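Please load the model in your viewer and follow the stops below in order.

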Amino acid sequence: MSIQNQSTQPFSGQRPGTSGLRKKVTVFQQPGYLENFVQSVFDTLGDCSGQTLVLGGDGRYHNRVAVQTILHMAAAHGYARVLVGQGGILSTPAVSCVIRKHAALGGIVLSASHNPGGIDGDFGIKYNIANGGPAPESVTEAIFQFSSSIAAYRISDAPEIDLQRLGRQQLEQMVVEVIDPVADYAELMQQLFDFEAIRSLFAGGFRMCFDGMHAVSGPYAQAILEGLLGAPAGTVINAQPLEDFGGHHPDPNPVNAAQLIGIMANQDGPEFGAASDGDGDRNMIVGRRFELTPSDSLAVLAAHATLAPGYRHGLAGIARSMPTSCAADRVAAALGIPCYETPTGWKFFGNLLDAGKVTLCGEESYGTGSSHIREKDGLWAVLFWLNLLAVTGKPVQQLVAEHWARFGRNYYSRHDYEAIDAAAAEELMASLRIKLPSLAGQNLGNYVVDYADDFCYTDPVDASVSSKQGIRIVMTDGSRIVFRLSGTGTEGATLRVYLERYEADPAYHHLLTQQALAALILIAEQVAGISDWTGRVRPSVIT
Ligand code: VG1
Ligand code: CO
């Protein structure tokens, strides 16, 4: 066994996007591709001797191969210890939890999250820092710089590690500790939520359905919901992680989780439904015949947070990504706490959480989380909701209706135009940018534009600036249209159009979302010329 220096060439385009480096599996299978990126991570970190690394992924195709490679590279960089999930499995929130609990220097998450898996699907890698959260832009930029000039990587040629065998194994001078992927995470959840109350809820006949979407959250949900909380066997469907997610798209929204929506449409079916994504950091919450928007979910959780033991002392503040609806802002105002608006991507919440400025965070893309870790957390959100349902005795729909009655309703929808021509997408955005200055004060349909800009964020903690984070057109009544290009797709470009309308009057809280937003949808098309630029007359996904 020895450590080798393998000479290599840089690969172009290893710049991490919204959430790490995501490419087709076939790209990652090129000799040296993964190694280059990992070497660039280690070069960015500098001396890793004596440190601990956490490693795991969502179980998608190529996960185990990549885990072995990274273990052998970590051994060549002086790490004292790697904590790796059994079978190479760790959800994104579990990685964050394990990094923090075991004071690791950082962790590597192998996932392309909500992107499809399998041999024809996507693979991804993301580095998380010592606070448990995604590396900030300064770190990802350094990784990219190293990857563009790399000449060699270091790796051990020792035999493979047995990823099934729990406990310690030796790799060169390094200890590899294969850990139960669920244990630390489950322990943390029990500190935050009223497991007694939720256990009684299930014991009293309450039924739910959790769709694991054949991705990583299945084992977590089974251990916690069916194991610790006593929900009946079968509560978790599609529970087993599969390399291709069973051919499905592990992106929990009503379109992709059609099976769950079907189950929840049944009048005699479960009262509560939820789904998570590829790497377990997203959540979709559904009631019986009722779909909840993630923006509303954040707002309702914030309004009732003190009902959960982990939040009984209240919230320091709330943060939401810019395109997320302003429903949470109204709760923050009522609670007298600040509400921060950040660019899309969980990494932007890290500083606010570390500084103790916020307790709850959320994104419109089915992402919710808190200061307990530094990632969004799918099952955490489900347990939070279960805690609310158990304590209030009210179903989801009633809690949400009462919320709207008190705060007003923010109608909200996202229209995605996937796999469009990348150059055309850039041109659409460029031409919108040119129009921005002339939009203020203009009448668009029944709306008057208050202001229009390209969102630029200055981090309140370290003053770092992130520009061009999405074009927003904000109307005088607070309604908004936001345009941005996805940073996680791997085919062409994806245009996301976010639409929001505020309605204070309860007499208008029963409208169908797309109808409530119809005028704004029309304005978005008129202002941006979406069909002209993309050749599409309708979005590919509406959530
Ligand atoms: C999308 C979502 C964003 C989320 C990101 C990573 O990014 O819009 O809110 O943080 O995915 O989520 P984009 O750039 O494609 O819009 V996950 O669960 O895929 O790590
Ligand atoms: Co995810």
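Predicted model: local features only at pLDDT ≥ 70, side-chain atom pairs only at ≥ 80, totals over all residues.

**Stop 1: the cobalt ion**

Select the cobalt ion (ligand 2) and show the side chains of Ser113, Asp277, Asp279 and Asp281, its protein donors. The donor atoms are OG of the serine and OD of each aspartate, at 1.9 to 2.1 Å from the ion. Along the sequence, the donor residues follow the spacing S-x163-D-x1-D-x1-D. Colour by accessibility next: Asp277 and Asp281 are both buried.

**Stop 2: the largest pocket**

Centre the view on Gly17, Thr18, Leu485, Ser486 and Gly487, which lie nearest the centre of the largest pocket among its 35 lining residues. The volume of the largest pocket is about 980 Å³. To see the elements around it, select strand 2 (21-24), helix 5 (137-147), helix 15 (422-439), strand 25 (480-485) and strand 26 (493-503); each provides at least two lining residues. Coloured by class, the lining shows 16 polar, 11 charged and 8 nonpolar residues.

**Stop 3: the second largest pocket**

Move to the second largest pocket, with a space of about 520 Å³. Its lining has 23 residues, and Glu291, Thr293, Tyr412, Thr513 and Thr543 are the closest to its centre. Select strand 14 (290-291), helix 10 (294-304), strand 19 (409-420) and helix 16 (513-516), the elements that give two or more residues to this lining. Strand 19 has the largest share, 4 residues. By class, the lining of the second largest pocket has 11 nonpolar, 7 polar and 5 charged residues.

Finally, colour by domain. Where does the second largest pocket lie? Domain 2 (185-407) and domain 3 (409-542) both contribute lining residues, so the pocket lies between them.

Note on methods. Residues numbered from 1 in each chain as written. Chains lettered and ligands numbered in written order. Heavy atoms only, no water. Donors = N, O, S within 2.8 Å, 3.2 Å for Na, K, Ca; no water. Buried < 20%, exposed > 50% of the residue type's maximum accessible area, 1.4 Å probe, protein only. 1 Å grid on protein atoms, 1.4 Å probe; cavity = no way out; pocket = protein on both sides within 12 Å on 5 of 7 lines; lining within 4 Å. Points joined across faces, edges and corners; volume = space filled by probe spheres on them. Nonpolar A, V, L, I, M, F, W, Y, C, P; charged D, E, K, R; others polar. Domains from an automatic or database assignment.
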